[in-house]
Amino acid sequence: MTDTKRVTLFLGHYGSGKTNVALNYALHLKNKGLKPTVYDLDIVNPYFRTLDGKSVLDKEGIRLVVSKFANSNVDLPSLPSEAYAIIDDKSSHAVVDVGGDDRGALALGRYLPEIKKENDYEMLLVANKYRPETRTIEGLIEIKEEIERVTGTLFTGVVNNSNLGIETTKETILSSIDFMEKFCDITKLPLKFTCVKRELSSIIINGSKILPMDLIKYGNWQ
């Protein structure tokens, strides 16, 4: 992952693991000596909030920008004004967790014109082939195209986050590779990296880049 863009947008289906990928990617950037900021644009009653990982980010000196309604019983389409730093703060690498599916992607609309104007971004589709709605190539293509229609922006790559939670094994991950490579071949999108829980990060995946992952919540990997 040497070709690091200043803005990295993570989008995908509900439950695909976007937030945990975003948090771990931010930690990866910090370990590379960069200055990441995590932005939570997930305003559609998400399963997992970046706020759950705030203590980890604080420990690493990584700033988190999140709605003041996060982790409350209030579900309002409200984003903090600080989120404009995605486009204004050129000294920081923005890691953006965007809401699930096409509805969640609506929140990105106000920032995309300037992001695209700067032209230093990745828009990555986070995919888990073991989720019911994306267990087929056709289902994953449908999710991809729905998000692209709403954002008016094409994905630039794919993140393979295929897992079965705490039951994930080496075989679970290796069995997802052919599926993801076929999807990438059909869509002409590069596979940017495969997410692997840290204790399995020594496995060889056809030369693919991997992102060793920790679950930054409640101690179980998902």
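Helix α6 is followed by G152, which has a positive phi near 65°; helices here are DSSP runs of H or I with at least four residues, strands are runs of E with at least two, and both are numbered from the N terminus. The model is predicted, so that local features require pLDDT of at least 70 and side-chain atom pairs pLDDT 80 or more, whereas totals for chains, interfaces and linings use all residues. Residues are numbered from 1 along each chain as its sequence is written, and side-chain values use heavy atoms, with hydrogens and water left out.

Helix α6 comprises 15 residues, 137-151, and reaches 21 Å from its first C-alpha to its last, close to the expected 21 Å, the expected span being 1.5 Å times one less than the number of residues. Its buried residues (under 20% relative accessible area with a 1.4 Å probe, protein chains only; exposed is over 50%, partly exposed in between) include I137, L140, I141, K144 and E148. Among the elements covering the buried residues of α6 are β1, α5, β5 and α7.

In the loop between α6 and β6 lies T153, which counts as buried at 2% relative accessibility. Beyond residues up to four places away in sequence, T153 touches L112, K116, Y121, M123 and E148, contact meaning heavy atoms within 4.5 Å. T153 and P113 are 40 residues apart in sequence, with a C-alpha to C-alpha distance of 9.8 Å.

K18, in helix α1 (residues 18-31), is buried with a relative accessible area of 6%. The side chain of K18 reaches the backbone oxygen of V98 at 3.3 Å. Outside four places in sequence, the contacts of K18 include F10, H13, D42, D97 and V126.

Terms used: A polar contact is a pair of N or O atoms within 3.5 Å; within protein, one must be able to donate a hydrogen and the other to accept it, and residues adjacent in sequence count only if both atoms are side-chain atoms.
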